[in-house]
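Please keep the sequence and the structure in view while reading.

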Amino acid sequence: MSRPSDNEARRIFVRTFGCQMNRYDSERLVEILGGQQFVAVEDYRKADLIFINTCSVRDKAEQKAFSYLGRLKTLKSNRPELVVAFGGCVAQQYGEELLVRWPHLDLVVGTHSISKVPAMLARYEVTGERQAWVDFSYDFGDEPDGRSQLWKPEVSAYVTIMRGCDNFCTYCIVPMVRGRERSRPSGEIIREVESLIECGVREVTLLGQNVNSYGQGVSGEVDFAGLLQRVAQVEGLLRIRFTTSHPKDLSSTLMRSFADLPQLCPHIHLPVQSGSDYILQRMNRGYTRDHYLRLVKELREMRQDVGVSSDMIVGFPGESEEDFRLSLRLLEEVRFDGLFSFKYSDRPQTAARLLDGKVEEEVKLERLQRLQALQEQITLEKNEAQVGQTTLVLVEGPSQIGGSQLSGRTPQNRVVNFKGSPHLVGEEIHILITIAHAHSLEGVVCLEENVNLKIAKEKSWCGR
Ligand code: SF4
C-alpha cells in the first residue's frame, strides 16, 4: 500500500463473519483506522485495505472466511499495493501458518491485536514485511471511552464489558482463541456509555461471552447485577440489553434486575444447547435440564412479559434419538421466542472432537430440520399472539424491506416494521401490531398513545 499525501484518505473494507463480538471489533478497527486517515467503503474493489474478521466457532463460518480470502487472490495480483488482512478467531487459531498457506495474505491479526493494526500497517509500508500478531497482550485500556468523530452514531450500540471465557464447554474453541475471562473495569464501562449517550445513542447492549460472571474474582469490583444498576443510572439512557448469559451463573439477584430496573429490556438470550442431561454433561455445561427449566420459570415470575431466546446444538457426539427428543420436548415446554440452532461440528483444540459416538451428517441434518420446523411454528404462534397488541418500539432506522418503512425493536427484541417519518428514528413509540410473520411483525403508529411525542405535531409523521 503506497503512503498517501497528507490530505488523501485511504479506504478500508471490512468483511465480518460470526458473532456480535466480531462486529464490535470490526467497528473498533474502523474507528482506530479513522485516526489514520482511513475511511470505510462498501465496495471491496475500491479498498486499499481489505480486513476479513473471522469466526471459528463453527466449521462452516471458518470455511466461508477462507473461501472469501481465496477469492481475493486475483484482485491482489492485479493490485499488488492492496493490503489483505485476516483477523479474529481463525487468525488467532492458525497464526503465522496462514502467511505460508496464503501467499496473497499480508497481515494476520489475532483477537487481542486490533489496536496493533496501525503499527503493523506502518511497518508493512516501510519494510513490505508480511506479519502475524497473535499474542494475548490485550489490555482494556485499548477499548474506546467513546466513539471517534468518524463514527456514525446509531440508535443502539454495543459496549464490551468482558473478554474471553473460562468455561471450556467441550465443543467450543472460544477459550483457546479469545483467552481467559477478563472483566473490564466498571468505571471505564460507565464512561463509554456516557459518551455514547452524548453521541445520541439510546440503547446499549453489554457484551461478553458470559456476562453473568462479570466481576467474579476481581477485588473491589461490582458483580453483573451491580453493573446493571450503575449503567441504569446513566442519564438519558433509554434501554439496556445484554448478551450472552450462561445458565449456570444466572443468579436470582440478577433475575430480579428485570423487575427492578425499568431501563432493562425484558429479554434474555439464555443458551441451553441441549435438553438431555447426558449431553449437557458431555458438553460440560454445568447445569441440568431441570435447573434450566427452573431458571425460565423464575424469570417469568420476576417479569411476566420477559422474552427468552436460546441456542441449541444438534448431533453432539453421543446424542441418541431419545436425547434429541428431550431437546424437542424442552422447546415445547419453554416455548422460546427465538432460537439459533446448529449442527455440531468438530473444532480444533476442543475436547468434544475426541469424544466417541459421532453422529452421521444426514442424521444431524434431519434433526436440525425437525428442530427448526418446531421452533418456527412456536415463533410464528408467539408473533401471532402480538397482533392487536400495542407495544413500545425503539425506532432504529429504515427497514430492510425498503419503501418508507421504518424498523425498530420491541422490548422483547422482536423486529417491527411500520410506515413512518424518518424523524422518528431514535424515539420510543407505541405501535399497534397488525400482521405477524415468522421473523418479524408489522404495525402502525398509534396516534393516541403518542400524543406527548413532540414530533406528533407534524402531520406527516406517522406515515398514514
Ligand atoms: S460459555 Fe462455553 S460456549 Fe460460551 S464462549 Fe465459553 S466455552 Fe464457549
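Between domain 2 and domain 3 of this predicted model, eight residue pairs are in polar contact, counting pairs in which both residues have pLDDT 80 or more. On the side of domain 2 that touches domain 3, β11 (239–243) and α14 (361–384) each supply at least two residues, and the largest share, three residues, comes from α14. Sorted by class, that side of domain 2 has five nonpolar, three polar and seven charged residues.

The domain assignment places these parts along the protein chain, as the table shows.

| Domain | Residues |
|---|---|
| domain 1 | 10–133 |
| domain 2 | 140–382 |
| domain 3 | 390–462 |

How far apart are the C-alpha centres of domain 2 and domain 3? They lie 27 Å apart, and where the two domains meet, 15 residues of domain 2 are in contact with 17 residues of domain 3. The area buried between domain 2 and domain 3 is about 1,300 Å², and carbon and sulfur atoms give 52% of that area. Within domain 2, the residues that lose the most area to domain 3 are Val155, Arg239 and Leu380, which together account for 39% of what that side buries.

Salt bridges also join the two domains: a search of the whole structure finds 34 salt bridges, and the count between domain 2 and domain 3 is two.

Which residues surround the ligand? The ligand is surrounded by Cys165, Asn167, Phe168, Cys169, Tyr171, Cys172, Val174, Pro175, Gln209, His246 and Arg285, and by class this shell divides into seven nonpolar, three polar and one charged residue.

Most residues other than glycine have a negative phi, and most peptide bonds are trans. Phe168, a member of the shell around the ligand, has a phi near 50°, which is a positive value in a residue other than glycine, and Phe168 lies in the loop between β8 (162–163) and α7 (174–178). The peptide bond from Thr243 to Thr244, in turn, is cis, with omega near 5°.

Conventions:
Residues numbered from 1 in each chain as written. Predicted model: local features only at pLDDT ≥ 70, side-chain atom pairs only at ≥ 80, totals over all residues. Heavy atoms only, no water. Domains from an automatic or database assignment. Contact = heavy atoms within 4.5 Å. Buried area = accessible area lost by both parts, 1.4 Å probe. Salt bridge = Lys/Arg side-chain N within 4 Å of Asp/Glu carboxyl O. Polar contact = N/O pair within 3.5 Å; in protein donor to acceptor, adjacent residues only side chain to side chain. Helix = DSSP H or I, 4+ residues; strand = E, 2+ residues; numbered from the N terminus. Nonpolar A, V, L, I, M, F, W, Y, C, P; charged D, E, K, R; others polar. Near = heavy atom within 4 Å.
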